[in-house]
Amino acid sequence: MTVLVIGGSGFLGTELVRQAVAAGHETAATFASRAGSASGATWHPLDIRDPRHVAAVIADVAPSVVVNASSGQSDWAVTADGAIHVALAAAEQGCRLAHVSSDAVFSGARVRYDESSLPDPITPYGAAKAAAETVVRLTMPDAVVARTSLILGHGRSPHERMVHALAARTRQGVLFTDDIRCPVHVEDLATALWEIALSDAVGMFHLAGPDALSRYDLGVLIARNQGLDAADLPAGRRADTQLPGALDLRLDSRGTQGRLGTRIRGAREFLRDEGRPVREPW
């Protein structure tokens, strides 16, 4: 089986590529500016904003499954239009599509959101992700859309790097005590994505951990796990700033977890012992 990871050089994409190669799949991946470091994959430069380029890469690779793990944050041309280009090209080639979305599609007004919840974004990034979800589901009714939350793993995620910088006082800022999410380990997320993508499942899935933690409390766990002094971490309230976005936003993944063989750990567990295997092979 040939699989294609769009955004394969990113944090999640790198793990998706690694797992696909390890499972013995013929693996192709795309990058925007620099090929990823994962070996065993064929790398393709891709400007996801260009529909002809997207169509050409997917036609050239001819994958059975496409996983779109790309993100341009609030850049509409990448996050929204790019996802549309991937969906249209995958539909044209008859590929199965798994599209990775975000809890940013929600405002936080309801606090807890399950798979049936409708998007109500309040940021440009959330609006772009919500638009991408809608087009993917309309263009490819048999596609999978998987929302996730803060992605962590092995000290290499943006949030973990920020905690290290704050603890070392090489970066200014604070960790918010009132900004709550449901973190997920990148290995668990990638494994669950492949499980869903390689099945005949369709529709909406939520892939986040069961622990709801503030960014400050999460930072304390990261510090303790990675040998930092948690006392050095500055705390503050997001509500006291002008930053847009949800405060308490909890992605309810219980419905999805009940359908998976992959067990998604909470941050309290995986930051206690990242090395312990918890997943079934796929």
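This is a predicted model: local features need pLDDT of at least 70, side-chain atom pairs count only at pLDDT 80 or more; totals for chains, interfaces and linings use all residues.
**Cores.** I began with the largest nonpolar core, which has 32 residues. Leu12, Leu16, Val67, Leu193, Trp194 and Leu207 are the members that touch the most others. I then looked up which helix gives the most to this core: helix α7, residues 186-197, with eight residues.

**Val67.** I listed the contacts of Val67, leaving out neighbours within four places in sequence. The list reads Leu4, Val5, Ile6, Leu16, Ala98, Val100, Trp194 and Ala197.

**α2 and α4.** I took helix α2 (residues 51-61) against helix α4 (residues 81-93) and found an angle of about 40°, with the axes 9 Å apart. The two helices are therefore oblique to each other. The crossing of α2 past α4 is right-handed. On the α2 side I noted Pro51, Val54, Ala55, Ile58 and Ala59; they meet His85, Val86, Ala89, Ala90 and Gln93 of α4. Sorted by class, this contact holds eight nonpolar residues, two polar and no charged.

**α6 and α8.** I next checked helix α6 (residues 158-168) with helix α8 (residues 215-225), whose axes come within 10 Å and cross at roughly 75°. That angle makes α6 roughly perpendicular to α8. From α6, His159, Glu160 and Val163 meet Arg215, Leu218, Gly219, Ile222 and Ala223 of α8.

Definitions and conventions: Residues are numbered from 1 along each chain as its sequence is written. Side-chain values use heavy atoms; hydrogens and water are left out. A nonpolar core is a set of buried Ala, Val, Leu, Ile, Met, Phe, Trp, Tyr and Cys residues joined through side-chain atoms within 4.5 Å. Buried means under 20% relative accessible area, exposed over 50%, partly exposed in between (1.4 Å probe, protein chains only). Helices (H or I, at least four residues) and strands (E, at least two) are DSSP runs, numbered from the N terminus. Contact means heavy atoms within 4.5 Å. Axes are lines fitted to C-alpha atoms, for helices over the stretch in contact, and angles run from 0 to 180 degrees between N-to-C directions. Angles under 35 degrees count as roughly parallel, over 145 as roughly antiparallel, 65 to 115 as roughly perpendicular and the rest as oblique. A crossing is left-handed if the near helix is turned anticlockwise from the far one by less than a right angle, and right-handed if clockwise. Ala, Val, Leu, Ile, Met, Phe, Trp, Tyr, Cys and Pro count as nonpolar, Asp, Glu, Lys and Arg as charged, and the others, Gly among them, as polar.
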